[in-house]
Amino acid sequence: MADSNDTVTIATSEGASGTTLLGIGAYRPRRVVSNEEICETIDSSSEWIYERSGILNRRVAGPDESIVSMSSEAARKALASSGIDPELIDAVIVCTSTNWTQVPHAAPQVATDLGRNGIAAFDLTAGCAGFGYGLAVATTMIRGGGARYVVVVGVEKMTDGIDFSDRNTAFIFGDGAGAVVVGPSEVNDVSPVIWGSDGAQGSAIRQTKDFKQYVDEVDASAAAAREEAVLQPYLVMDGSKVFRWAAVQVSKVCAQTLEAAGVTAEQIQAFIPHQANGRINSAMAKHLGLPDSVAIANDIEQTGNTSAASIPLAMEAMLRDGEAEPGQIALCIGFGAGLSYAGQVVRLPAKPPVD
């Protein structure tokens, strides 16, 4: 006679006690677009853009630089800097909001590009907080025994969805990919995540229409013959609403993240916030009471706001340029569309490979 259900024990998996960032890599599109070029389509000036946002240039991906290709290249570089054999990778997480092909999703294609067809691979969408969400999921997988080594990619092709005649958004966004390899560690190097969302204010960053509306418009009228730019969904943003939300919420989240990590502001050596606005990031560091010796990421100046890619891209730039060193303690905070946020304290990984 078979055992009754209450006598059946279901096994659990055992994982690592801690996690660490082993390597980092980045892909920046070839084309550099200056403020002067942006001003050819909006009534503005390079000085006004820089004063308002801290941006001088941004990278714009071409037709051959896709979400998958940029992710794969960043992941290869991260693996090279980690020293981990790609055969040991158990999972790939691609964090993005701009993979226009939802089926197939990007991560399985990236895993295949890395020679790891068949492993767990999935996309994660959490806007500008996406990388933090992906890192939190990866560390939980490793600690729970679901994986041993995980590649986490933050990648966006934001400029595909930007109206370059819109003075509110044309100058803000750029494209690119950053990736890290996360693995087990006896000494924990990635803090618990402090994350959350505010859907009540989600419309502050939104698309002008969803894809069903777009298809219906194309199918319903002669508008299908008009230029794609007239019909396609664009990203729009209520900048003042987002600024007010970030000013109140994000500083609180940073303080909560430090507390959850058991780390004080005086012990932080690098501050890597989402690259939304250079002035906001500097003001946030002062509000937190971070010492003047703390290096503050400023990748936005040459890369723009790359949403889910911005934190790994900024981390890679700081390590590559010597603004931060492997093993230093960094506070990372992502925030934006959703509205969502995620904060973590991490020990910085090995230097990225030299191109």
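Which helix supplies the largest share of the lining of the largest pocket? In this predicted model, the answer is α8, which contributes five residues to that lining. The pocket itself has a volume of about 1100 Å³. A total of 45 residues line the largest pocket, and those closest to its centre are M158, F173, I205, L235 and A337. At least two lining residues come from each of α2 (46-53), β9 (205-207), β10, α8 (239-261), α9 (278-288) and β13.

Strand β10 covers residues 235-237 and includes V236. V236 counts as buried because its relative accessibility is 18%, and the limit for a buried residue is under 20%. Although V236 and A337 are 101 residues apart along the chain, their C-alpha atoms are separated by 11 Å. A337 has already been named among the residues closest to the centre of the largest pocket.

An open sheet of five strands was also identified. The order of its strands is β8-β14-β13-β11-β12, and their pairing is mixed. Strands β8 (194-197) and β12 (295-296) stand at the edges; each has a single partner strand, so one side of each is left without a neighbour in the sheet. In general, the strands of a sheet pair through backbone hydrogen bonds, either parallel or antiparallel. The pairing of β11 (residues 270-273) with β13 (residues 329-336) is parallel and comprises four bridges. Within this pairing, P273 stands opposite I333 in β13.

Helix α5 (residues 130-144) lies across β8 and β14 (340-347), and its direction makes an angle of about 60 degrees with β14. Helix α11 (residues 310-320) lies across β11, β12, β13 and β14, running at about 150 degrees to β11. Helix α11 is mostly covered, with ten of its eleven residues buried. These buried residues are S310, I311, P312, L313, A314, M315, E316, A317, M318 and L319. Just after α11, G322 adopts a positive phi of about 80 degrees.

One cavity of 30 Å³ or more was found. The space in the largest cavity amounts to about 50 Å³. Its lining consists of L21, F131, G132, L135, I311, M315, C332, I333, G334, A342, Q344 and V346. The elements giving two or more residues to this lining are α5, α11, β13 and β14. Two of the lining residues, I311 and M315, are also among the buried residues of α11. Another lining residue, I333, is the residue of β13 that stands opposite P273.

Charged side chains were examined next. In general, side chains of opposite charge can pair when their charged atoms come close. The model contains twelve salt bridges. One of these joins D64 and R30, with a distance of 2.8 Å from N to O. This pair links distant parts of the chain, 34 residues apart: D64 is in the loop between β3 (57-60) and α3 (67-82), whereas R30 is in the loop between β1 (18-27) and β2 (31-34). Both D64 and R30 are exposed.

R30 also forms a salt bridge with E65, in which the closest N and O atoms are 3.4 Å apart. The partners again belong to distant parts of the chain, with R30 in the loop between β1 and β2 and E65 in the loop between β3 and α3, 35 residues apart. The two partners differ in accessibility. R30 has a relative accessible area of 56% and is therefore exposed, whereas E65, with a relative accessible area of 2%, is buried.

A further salt bridge connects R116 with E87, and the closest N and O atoms of this pair are 3.7 Å apart. R116 lies in the loop between α4 (106-113) and β5 (120-124), and E87 lies in the loop between α3 and β4 (91-95), so the pair ties together parts that are 29 residues apart in sequence. R116 counts as buried because its relative accessibility is 15%, while E87 counts as exposed at 51%. Elsewhere, salt bridges that share partners join R28, D299, E316, R320 and D321 into one network. One member of this network, E316, is listed among the buried residues of α11.

How values were computed: Residues are numbered from 1 along each chain as its sequence is written. This is a predicted model: local features need pLDDT of at least 70, side-chain atom pairs count only at pLDDT 80 or more; totals for chains, interfaces and linings use all residues. Side-chain values use heavy atoms; hydrogens and water are left out. A salt bridge is a side-chain nitrogen of Lys or Arg within 4 Å of a carboxyl oxygen of Asp or Glu. Buried means under 20% relative accessible area, exposed over 50%, partly exposed in between (1.4 Å probe, protein chains only). Two strands pair if DSSP finds at least two bridges between them. Contact means heavy atoms within 4.5 Å. Axes are lines fitted to C-alpha atoms, for helices over the stretch in contact, and angles run from 0 to 180 degrees between N-to-C directions. On a 1 Å grid over the protein atoms alone, a cavity is a set of points where a 1.4 Å probe fits but cannot get out, and a pocket is an open set with protein on both sides within 12 Å along at least five of seven lines; lining residues have an atom within 4 Å of a point. Grid points are joined across faces, edges and corners, and a volume is the space filled by probe spheres set on the points.
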